[in-house]
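Let's walk through this model together, one feature at a time. Have the sequence and the coordinates open as you read.

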Amino acid sequence: MKKISTIAKLQLVIIIYSISSVIAKVVSKQPFFSLKFFIWGGLELLFLAVYAIFWQQMIKKIELSQAYANRAMVLVWSLLWAFFGFQEPVSIQNIIGALLVMAGIVVINCGGPEVPDGHSV
């Protein structure tokens with residue numbers, strides 16, 4: 001159960017990172033060097049800073065290879081943000097790719113049995 005909680009927390013960190021990409025898209029639509037450009041840009045930097053702090057805390061708790069494998073979920077989250085937030089089209093190839101990414105992450109997360117030091121066998 002602890003592993004599921006850790007993976008859920010890691011996904012929240014990854015969602016924060018994916019939101020920074022959404023904010024970056026909003027920044028790109030603002031007039032260059034306008035007040036809105038700097039406000040949205042500052043918000044993006046804030047999200048990236050929060051992400052960096054939480055990411056460092058997460059990689060203390062889980063194997064780096066597992067953390068980076070889970071980071072691929074940013075593709076799935078970005079796909080959802082693009083569809084729901086910006087009404088961008090999602091192709092069947094996008095969906096198949098997202099499903100493959102998710103399947104790979106499940107395989108990584110459901111690896112071998114845990115040993116006392118927290119590493120998989």
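Which residues does E44 touch, not counting residues up to four places away in sequence? They are S20, I23, A24 and V27, where a contact means heavy atoms within 4.5 Å.

Before going further, a word on the ground rules. This is a predicted model, in which local features need pLDDT of at least 70 and side-chain atom pairs count only at pLDDT 80 or more, while totals for chains, interfaces and linings use all residues. Residues are numbered from 1 along each chain as its sequence is written, and side-chain values use heavy atoms, leaving out hydrogens and water.

Now for the overall picture. The protein has 5 helices and 0 strands, and its pattern along the sequence reads α-α-α-α-α. Helices (H or I, at least four residues) and strands (E, at least two) are DSSP runs, numbered from the N terminus. Of the 121 residues, 27% count as buried; buried means under 20% relative accessible area, exposed over 50%, and partly exposed in between, using a 1.4 Å probe and protein chains only. Among contacts between residues at least 6 apart in sequence, 69% join residues at least 24 apart.

Back to E44, which lies in helix α2. E44 is buried yet has no salt bridge, and R71, the nearest side chain of opposite charge, is 12 Å away. Here Lys and Arg count as positive and Asp and Glu as negative, with His and the chain ends not counted. A salt bridge requires a side-chain nitrogen of Lys or Arg within 4 Å of a carboxyl oxygen of Asp or Glu.

By that rule the count comes to 1 salt bridge. It joins K25 to E88, with the closest N and O atoms 2.6 Å apart. The pair links distant parts of the chain, 63 residues apart: K25 sits in helix α1 (residues 2–28), and E88 in the loop between α4 (73–86) and α5 (92–109). K25 counts as partly exposed because its relative accessibility is 29%, and E88 does so at 27%.

On the α2 side are Y51, W55 and I59, and on the α3 side L64, A67, Y68 and R71. These contact residues divide into 6 nonpolar, no polar and 1 charged. The axes of α2 (residues 35–61) and α3 (residues 64–71) come within 9 Å and cross at roughly 140°. The two helices are therefore oblique to each other, since angles under 35 degrees count as roughly parallel, over 145 as roughly antiparallel, 65 to 115 as roughly perpendicular and the rest as oblique.

How values were computed:
Axes are lines fitted to C-alpha atoms, for helices over the stretch in contact, and angles run from 0 to 180 degrees between N-to-C directions. Ala, Val, Leu, Ile, Met, Phe, Trp, Tyr, Cys and Pro count as nonpolar, Asp, Glu, Lys and Arg as charged, and the others, Gly among them, as polar.
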